[in-house]
Amino acid sequence: LSFLIILLGGVIGSLWGFKDYLYLKEKEVKHVPQTNFYIKLNEFRLEYYQNSKMIKDYKSTLTIIENGKEILTKTIEVNEPLSYKGIRFYQASYEVDVDEEFHHFYYSGLQVVKDPGVGVVWLGCSLLMLGLTISFTSFRLEA
């Protein structure tokens, strides 16, 4: 039963969810696909290891704009997404562009994900773990 519930969650996510990518330059505002709101990249920052040119982390400060009003502002980084109305914005990548005067412009690559089946998948996984626990703890050796 738990495997069927996990599969059902996957089907729900693929039918009613979506996954997309957005690339934003600092101060740029873009419409979020399949929604009625916008997202703005306020600032993009690179962090380097001390005394090194190796990148340690990259962060984006994002603002959700709905009906012309700023609703939510959050700084995201890898594995720390922004969530709004069931949609998650993950820091996925970045790009650097250089113009003719050698000014550097950073683009933040965001993965935009809506997966309404994730709760059903977690329910199926929980039932699977419960079933395995019951199965292994109720096993008795008969002599």
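The exercises below concern a predicted model, and each one comes with a worked solution.

**Exercise 1. Find which residues of helix α1 are buried and which are exposed.**

Step 1: Start with the helix itself. Helix α1 covers residues 2-16, which is 15 residues, and reaches 21 Å from its first C-alpha to its last. That is close to the 21 Å expected at 1.5 Å a residue.

Step 2: Pick out the residues with under 20% relative accessible area, the cut-off for buried. In α1 these include Ser2, Ile5, Gly9, Ile12 and Gly13. They lie on the same side of α1 because they cover an arc of only 95° around the axis.

Step 3: Recall a general point: an α-helix has 3.6 residues a turn, so residues three or four places apart point the same way.

Step 4: Turn to the other side of α1, where Phe3, Leu4, Leu7, Ser14 and Leu15 are exposed.

Step 5: Look for the partner. The buried residues of α1 pack against α2 (118-137).

**Exercise 2. Explore the largest nonpolar core and the contacts of Phe89.**

Step 1: The largest nonpolar core has 18 residues. Phe37, Ile39, Leu62, Ile64, Leu82, Phe89 and Val112 touch the most other members.

Step 2: Ask which strands contribute. At least two residues of this core come from each of β1 (18-25), β3 (38-48), β4 (55-66), β6 (82-84), β7 (87-98) and β8 (104-114).

Step 3: Zoom in on Phe89. Leaving aside neighbours within four places in sequence, its contacts include Val32, Ile76, Pro81 and Gln111. Phe37, Ile39, Leu62, Ile64, Leu82 and Val112 are also among its contacts.

**Exercise 3. Locate the aromatic cluster and a charge over a ring.**

Step 1: The structure holds six aromatic pairs.

Step 2: One aromatic cluster is formed by Phe44, Tyr58, Tyr94 and Tyr106.

Step 3: For the charge, go to Lys25. Its charged end sits over the ring of Phe105, 5.2 Å from the ring's centre.

**Exercise 4. Where are Lys85 and Phe102, and are they buried or exposed?**

Step 1: Lys85 is in the loop between β6 and β7. Although not a glycine, Lys85 has a positive phi of about 50°.

Step 2: With a relative accessible area of 53%, Lys85 is over the 50% cut-off and therefore exposed.

Step 3: Phe102 is in the loop between β7 and β8. Phe102 is not a glycine either, yet has a positive phi of about 65°.

Step 4: Phe102 has a relative accessible area of 65%, so this residue is exposed.

Key. Residues numbered from 1 in each chain as written. Predicted model: local features only at pLDDT ≥ 70, side-chain atom pairs only at ≥ 80, totals over all residues. Heavy atoms only, no water. Core = buried A, V, L, I, M, F, W, Y, C linked by side-chain atoms within 4.5 Å. Buried < 20%, exposed > 50% of the residue type's maximum accessible area, 1.4 Å probe, protein only. Helix = DSSP H or I, 4+ residues; strand = E, 2+ residues; numbered from the N terminus. Contact = heavy atoms within 4.5 Å. Phe/Tyr/Trp six-rings, centres within 6.5 Å; stacked < 30°, edge-to-face > 60°. Lys NZ or Arg CZ within 6 Å of the ring centre and 35° of its normal. Expected span 1.5 Å × (residues − 1). Arc of directions from axis to C-beta.
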